Amino acid sequence: MSKLASSRPAIELRNVSRRYTDPGGRSVGVQPTSLSVPQGEIHGIIGFSGAGKSTLLRLVNLLERPDAGEVIVHGDDLTRLSAAGLRQARHRIGMIFQHFNLLHNQTVADNVALPMRIAGADPARIRERVQVCLDFVGLAEKADVYPGRLSGGQKQRVAIARALAPEPHVLLADEPTSALDPRTTLDLLGVLANANRQFGVTILLVSHEMEVIRRLCHRVSVMEGGHIVEQLDIADGRIPEGSQLASWLSDFGAVGPAASPSPATDADEPTPRHFALEAAHA
């Protein structure tokens with residue numbers, strides 16, 4: 001993992017809340033909670049189903065507008081911006097979704113170009129960025145291919161290239177590996193880690209897979225009942241003993257690895273435990 005580029009917050013959520021009622025009549029979402037993510041950090045969010053992870057993530061670019069609190073991204077309070085100002089601010093916030101969200105009637109290159117075209121970027125600049133980003137994710141030869149001819153891992157690489165094309169300061173990732181097999185998951189984690197190192201982009205990632213969090217993130221926030229209940233430094237890949245997260249792993253986690261060992265993993269290293277939060281509800 002890279003060293004953090006700066007201690008200046010890239011993302012600040014100050015006492016944000018967002019509540020709504022689910023189909024079962026339960027009040028769910030985010031209770032008043034705060035989060036600060038330094039510039040250049042890869043920060044994970046983990047928790048049980050219904051803990052508020054994805055809602056919290058979507059507050060960062062105001063896909064979910066908070067009922068209360070402040071959302072500050074690189075010094076801009078997004079909750080106070082005009083509609084035009086918010087659109088401009090969102091150009092600096094990329095997002096990767098669980099199910100790729102590609103346009104299947106558009107080529108790979110056109111999908112990557114889409115956010116820049118929406119922003120009205122110069123066509124020559126768009127072509128340049130599409131080439132750079134497809135080279136970065138290793139899919140330059142697929143530029144004229146349609147998404148239906150790609151594997152799941154290739155589709156997610158296209159989604160990463162699309163998110164990086166406008167040169168965002170912040171990259172949001174909502175369960176980006178949950179639809180992928182273990183080997184492909186490892187490849188995608190490498191792409192995200194390289195994006196952090198090469199471009200200095202701050203990454204905020206939601207996952208229920210502890211192995212994804214452990215391998216990729218510098219720090220992790222643990223959510224329960226709509227609150228962040230714990231924040232841990234895991235840059236060395238270890239979960240501090242005595243933490244809430246360690247307790248959850250002890251109770252629910254020993255069901256096998258979330259991913260095959262990476263080439264950098266010592267063959268004699270014990271198999272890492274998978275944070276089977278979803279299995280805990282089965």
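Me: Where is the place of Asn 15?
Reply: Asn 15 sits in strand β1, which covers residues 9–21; strands (E, at least two residues) and helices (H or I, at least four) are DSSP runs numbered from the N terminus. This is a predicted model, in which local features need pLDDT of at least 70, side-chain atom pairs count only at pLDDT 80 or more, and totals for chains, interfaces and linings use all residues. Residues are numbered from 1 along each chain as its sequence is written, and side-chain values use heavy atoms, with hydrogens and water left out.

Me: What is phi of Asn 15 near?
Reply: Phi of Asn 15 is near 50°, a positive value in a residue other than glycine. Most residues other than glycine have a negative phi.

Me: And what about phi of Leu 62?
Reply: That phi is also positive, near 60°, and Leu 62 is not a glycine either. Leu 62 belongs to the loop between α1 (53–60) and β4 (68–73).

Me: Is Leu 62 buried or exposed?
Reply: Leu 62 counts as buried, at 6% relative accessibility. Buried means under 20% relative accessible area, exposed over 50%, and partly exposed in between, with a 1.4 Å probe and protein chains only.

Me: How many of the residues count as buried overall, in %?
Reply: The protein has 282 residues, and 51% of them count as buried. Its secondary structure comprises 8 helices and 10 strands.

Me: Changing topic: at what angle do α3 and α4 pack?
Reply: Helix α3 (residues 108–118) packs against helix α4 (residues 123–137) at an angle of about 125°, and their axes are 9 Å apart. Axes are lines fitted to C-alpha atoms, for helices over the stretch in contact, and angles run from 0 to 180 degrees between N-to-C directions. The two helices are therefore oblique to each other: angles under 35 degrees count as roughly parallel, over 145 as roughly antiparallel, 65 to 115 as roughly perpendicular, and the rest as oblique.

Me: Which residues make the contact?
Reply: On α3 they are Val 108, Ala 109, Val 112, Ala 113, Met 116 and Arg 117, and on α4 they are Arg 125, Ile 126, Arg 129, Val 130, Cys 133 and Leu 134. Contact means heavy atoms within 4.5 Å.

Me: Cys 133 is in that list; how many disulfides are there?
Reply: A search of the whole structure finds 0 disulfides, a disulfide being a pair of cysteine sulfur atoms within 2.5 Å. Cys 133 is buried, at 2% relative accessible area, and Cys 217 is buried at 0%.
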